[in-house]
Amino acid sequence: MSKPYLSLSLDMDNQWSYMKIHGEEGWESYPSYLDIFVPHVLKILDELDLKITFFIVGQDAEFEHNHKYLKAIADAGHDIGNHSFKHETWLHLYTKEEMKNEIDTAHDVIANVTGKAPNGFRGPGFSWSSTLLEVLSEKGYAYDASTLPTVIGPLARLYYFSTSNLSKEEKEDRKEIFGKFSDGFRKLKPYYWKIKKDRKLLELPVTTMPVFRIPFHLSYLLYLSNISIHLAMLYLNIAIFLCKITRTEPSFLLHPLDIIGGDQIKSLAFFPGMNISSDRKVFIFKKVMKKLGKHYNLVDMKTHVDAIATQKDLKTVPMPEIAS
C-alpha cells in the first residue's frame, strides 16, 4: 500500500522581509542572504532527494543580483509559488485593485526570473482575505495555502509584538497577523472556497496538530529541541499519530531560518532561534524529514494539490463576505 502524501513548502522570507516585519531600521535597502541560503538549502535537499515548493517574494526577483539564485531553485526541479510582492502582513487590508496589482506583479517577475509560473499562493504572516481568494481565482491559480488553523495565533502575535520595534500604528496594521483564536477552528483538511460566478479555489491549510490545533512545523520543533531533542521528536510523533488517525495529509512548513543559523547569517544573529548553529539545525531538519518520510510520501505542493484535486468528497466552504 502506497504512503499518503505530505507536501513540503518553504516561505522564502529574505533578510529585509524579516527586518520589515519586526520594524528594524535599514530594511528599505533590501539586504539579502539569498547568496548564502540558496546554495545551502539546495545542497541539503539534494542530499535528501527532496523536491519542495519555494514560495518566492516578488521584490527579491526584481533585483538582478538575486536572479541566479532564484533560477537555481527552479533549475534544481523545485516547484515555485507566489509569496506576494512586497511581503506585507497586512495584505488582508488591500483593496481589490491593490491586491490584483500585488499578485500580478509578483507572478510576472517570479515567472520571468525562474522560468516557472506560480500556480499557488501563500500570504505573508498567513494573511488572507476574501479579496485575495477572488483575485487568485480570477487569475486561474490552482490553490491558496495561507490559512493556519491554530488556536495560539493571539499568543504568537503577542510574542511577535513584544520582540519587535514596531510603532503603535504598525502594530495596528498587523493586528490580525497569525489569525484570531476562532481561526483555530477552521478546516484542517483541504477544501474548496466557493467563489462567486460558480468558481471555486482549493485551500490547502498549513497543517496543525489535529484535535489540539497547535503548530508542529519546523520552527516549533526547533524551539522544543532547545529544551530537549527527545521532547521535540515526541511532539512530532504525537502530531503524526493524530494526522494518521484523522486521515490528515499534512502540509509541512519551512522557513529559511529553520535551516541556517546565526553563524552563517550573522546580521540576523539576534533573531529568536538563531543561536542554534547551522549544523544543529540541519541535523534536526534531516531527523524530522527521516521521521516524516517513514509515514508519508514527501512531495512538493503542486504534486499534492494535483492529487487532492482528483478527490470527489472535498467540502466546499462559502467565502467570507468582502467588506464594503
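View 1. Beyond its neighbours within four places in sequence, Arg 199 is in contact (heavy atoms within 4.5 Å) with Glu 134, Ser 137, Glu 138, Trp 193 and Lys 194. Its side chain also makes a polar contact with the side chain of Ser 137, at 2.8 Å. For a polar contact, look for a pair of N or O atoms within 3.5 Å; within protein, one must be able to donate a hydrogen and the other to accept it, and residues adjacent in sequence count only if both atoms are side-chain atoms. Arg 199 counts as partly exposed, at 24% relative accessibility. The scale here: buried is under 20% relative accessible area, exposed is over 50%, and partly exposed is in between (1.4 Å probe, protein chains only). This is a predicted model, where local features need pLDDT of at least 70 and side-chain atom pairs count only at pLDDT 80 or more, while totals for chains, interfaces and linings use all residues. Residues are numbered from 1 along each chain as its sequence is written, and side-chain values use heavy atoms, with hydrogens and water left out.

**View 2. Trp 128 and Trp 193, a tilted ring pair.** Rings of Phe, Tyr and Trp (its six-membered ring) pair if their centres lie within 6.5 Å; planes under 30 degrees apart are stacked, over 60 edge-to-face, and the rest tilted. That rule gives 8 aromatic pairs. In this one, the centres are 5.2 Å apart and the planes sit at 35°, so it's tilted. Trp 128 is in the loop between strand E4 (120–121) and helix H6 (130–139), while Trp 193, 65 residues apart from it, is in strand E6 (residues 191–195). Helices (H or I, at least four residues) and strands (E, at least two) are DSSP runs, numbered from the N terminus. Both Trp residues are buried.

View 3. Phe 216 comes from the loop between strand E7 (199–203) and helix H9 (218–227) and Phe 252 from strand E8 (residues 251–254), so the pair ties together parts 36 residues apart in sequence. Phe 216 is buried, with a relative accessible area of 2%, and Phe 252 is buried with 2% too.

**View 4. Ser 17 in helix H1 (residues 15–21).** Ser 17 is buried, at 0% relative accessible area. Its side chain reaches the backbone oxygen of Asn 14 at 2.7 Å.
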